[in-house]
Amino acid sequence: MEANQSHNLDEKILRVIAELSLVRLADIKPTDRLREDLGMDSVASMELLSALAEEFDLEVEMEEAMAITTVDGVMEMAKKRLLAA
Amino acid sequence: MITQATIFAGTNTDEPDVLRSLTQNIDRFGRERIDAKAIDREHRIPRELLREAAVLGLFGLSIPEEHGGAGFSLSGVCTAIAALARWDRSLATTVGLHLGLGTRPLVAFGSAALRERYLPDLAAGSKIAAFATTEPAAGSDLSAIRTTATATATATEMATETATATATNELAEANALIVRGDKIYVTNGGLASVVTITASTPSLGGARRGHSLLLLEREDKGVDVGPEESKLGLRGSSTVPLYFDDVRVPMSRVIGEPGKGMSHLEHVLAWGRTAMAAGCTGAARTALMSAVEYVTARVQFGKRLAELDVVKAQVAKMAALCFSMEALVSAVGLVADDPDRLLRRSISAKVFASESDWTVVDMALQLHGGSGFIEETPMPMLLRDARITRIFEGANDVLLVHAGTIEIAQPDTRPDFVEDASPRGALAQQANAFHRRVREKLEALKAAHGLRLLRRHLDIHALGRLVVLRDACDAAVARAIAEGSDSAHSLAQFFLDGAQVEAKMHLEPCPPLEGVRTIAGSVYAEVVG
Ligand SMILES: Cc1cc2nc3c(=O)[nH]c(=O)nc-3n(C[C@H](O)[C@H](O)[C@H](O)COP(=O)(O)OP(=O)(O)OC[C@H]3O[C@@H](n4cnc5c(N)ncnc54)[C@H](O)[C@@H]3O)c2cc1C
């Protein structure tokens, strides 16, 4: 994946996270934990991952999604899937 | 005259004896003092009656003893609200809102200073509390709240400090938030001296775009109370809009952590919806008793209606629903200290109790024949009062989707009931089997749709229905086992039988949900364009 492509993807993912976590885009850091830092309970973080799966047309197993706890984790999962596609 | 001292006896408020005496005293108050028809007709609860309820200690039931209340747990509060709702739903709503949404934020999250300042008057009932979250553009979707509380520069700095250190009261008073916005449908709004509001406070930081809970006083400059709404039911309860026009609120009146309003709200709403569900159980009992009275006295075809099999079966269904909804509301009280289970169970109890209340009241009205339609009987008022319970404290369909989503994210795990050889063991076996079926359904949905399942709201809604039914069955079975009587066993079994039939519709929807989705899509395109 090209560097600027990857950057665009990060940006897109962060935008979805901002929308669903109700945290301002500028305040979200890759190291943020979905629950503790962004205030997303397990339901909200599942909904986030599901929104990403929809947006990027990704096939993600429920169990794999449930193991993701950070913004970084979300981005990695999305990139891995997109590269594999 | 009933006094506060006699409303409950003893010190452990959850002792069965204490709860029994509480119920008896509320019953006496209801019989002697409450005229539900007059309240409904005049669209108001007489001030004198509210004062008597205050003298009785009703407004302080959930408030800690150190602040002048009785320190009842959620279970005790539910017992009281259920007892009160047997006599009048408007009064039960007024008191229930005060004990639940109205004062719970302060009790659970308020600073020591706030609690000391406000709780004694609220416990005594000399002040009444309200809770305002809903707005014209934010009903089911609370993330759309537009009321803002903007911090002055120093207040913003303080918000960061308060998370780590306790700021002095003087400093807190000197720093203020400016509140601007409108709230609607505020129960108790016309009576209340204090109201907890949810406001967007982005400048205070915190997760989820920073909402905070704030305490406003009726007397704060810029608070305006709108006119009473004219309602289908609960006509004696106060429901008004509130307007906030640059209301200056000291930082010290932020309830709980600044910016953490949405997480606090989750706990507060769980309490509120459980207290409301308790009201449903009381009203449904009244409807059942009224129907029993009617069918026992009324003679047609040379027989009392109560002797007809069709009528008997209907009364049995109503009784089984009352039994199960009471059991489920009690079951919420047992998990009040466990946030996750409180959330899940309170949703099930709210949905199940409000729907069962409606069903029971509707069946009771039917059994009254034409007289059930006439305002002289209690039935029309009971029906009108019951209708809102499926909407407020979270519309049921919204809660069903929430229940289904929670189940997907964290499947419920509870130990199986013991399946011994007794008749109770047979009930246990059915409840355990139901659990397994719900779990299998969930696994099948996950396997079929993966993460996309969370976008399939029809499936999630159906799963939510199964969760609610499962929790109601569990509660009914647990109650039957605990009570051990034949009648409890029969009521639980009767309920389980009906629940299995209903569950089948959601386990194997017919037509399949895919078909429903397609049809609904084309109807939508045609109607909405
Ligand atoms: C008498 C009364 C007293 C009240 N007291 C208070 C109070 O004290 N404090 C307070 O803050 N609020 C109070 N409310 C407000 C009440 O909580 C809201 O009316 C309720 O939450 C529903 O919001 P809404 O009316 O905006 O309905 P909407 O959000 O407009 O929803 C309308 C309907 O659409 C459907 N729907 C909406 N979203 C979904 C979804 N995601 N999935 C499926 N279906 C959906 C449901 O059928 C719902 O009933 C009160 C309301 C009344 C009428």
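I take a salt bridge to be a side-chain nitrogen of Lys or Arg within 4 Å of a carboxyl oxygen of Asp or Glu. By that rule I counted 3 salt bridges across the interface of chain A and chain B, and I keep in mind throughout that this is a predicted model.

**Entry 1: charged and polar pairs between the chains**

I looked up one of these bridges by its residues, and found that the side chains of Arg452(B) and Glu54(A) meet with a distance of 4.0 Å from N to O. I then asked how many residue pairs are in polar contact between chain A and chain B, counting those with both residues at pLDDT 80 or more. The count came to 1 residue pair.

**Entry 2: which parts of chain A touch chain B**

When I sorted the side of chain A that touches chain B by class, I had 16 nonpolar, 4 polar and 8 charged residues.

**Entry 3: extent of the interface**

I recorded that 28 residues of chain A are in contact with 19 residues of chain B. The size of an interface is often given as the accessible area lost when the parts come together, so I looked that value up as well. Chain A and chain B bury about 2200 Å² between them, and 56% of this lies on carbon and sulfur atoms. Of the area that chain A buries against chain B, 30% is supplied by Leu22(A), Val43(A) and Met62(A), which is more than any other three residues give.

**Entry 4: the ligand and its shell**

Turning to the ligand, I found 17 residues around it, the closest being Thr133(B), Thr134(B), Ser140(B), Tyr185(B) and Thr187(B). I sorted the residues of this shell into 9 nonpolar, 5 polar and 3 charged. Strand 1 (129-132), strand 3 (176-187) and helix 15 (396-409) of chain B each supply at least two residues of the shell, and strand 3 of chain B has the largest share, with 3 residues.

**Entry 5: atoms that approach the ligand**

Which atoms of Thr133(B) and Tyr185(B) lie 2.8 Å from the ligand? For Thr133(B) I found a backbone N or O atom at 2.8 Å from an oxygen atom of the ligand, while for Tyr185(B) a backbone N or O atom lies 2.8 Å from a nitrogen atom of the ligand. Ser140(B) uses its side chain, where an N or O atom is 2.6 Å from an oxygen atom of the ligand. Finally, I noted that the protein covers 64% of the 970 Å² of accessible area that the ligand has on its own.

Conventions. Residues numbered from 1 in each chain as written. Chains lettered and ligands numbered in written order. Predicted model: local features only at pLDDT ≥ 70, side-chain atom pairs only at ≥ 80, totals over all residues. Heavy atoms only, no water. Contact = heavy atoms within 4.5 Å. Buried area = accessible area lost by both parts, 1.4 Å probe. Polar contact = N/O pair within 3.5 Å; in protein donor to acceptor, adjacent residues only side chain to side chain. Nonpolar A, V, L, I, M, F, W, Y, C, P; charged D, E, K, R; others polar. Near = heavy atom within 4 Å. Areas by Shrake-Rupley, 256 points an atom, 1.4 Å probe, with all protein chains shown as cover. Helix = DSSP H or I, 4+ residues; strand = E, 2+ residues; numbered from the N terminus.
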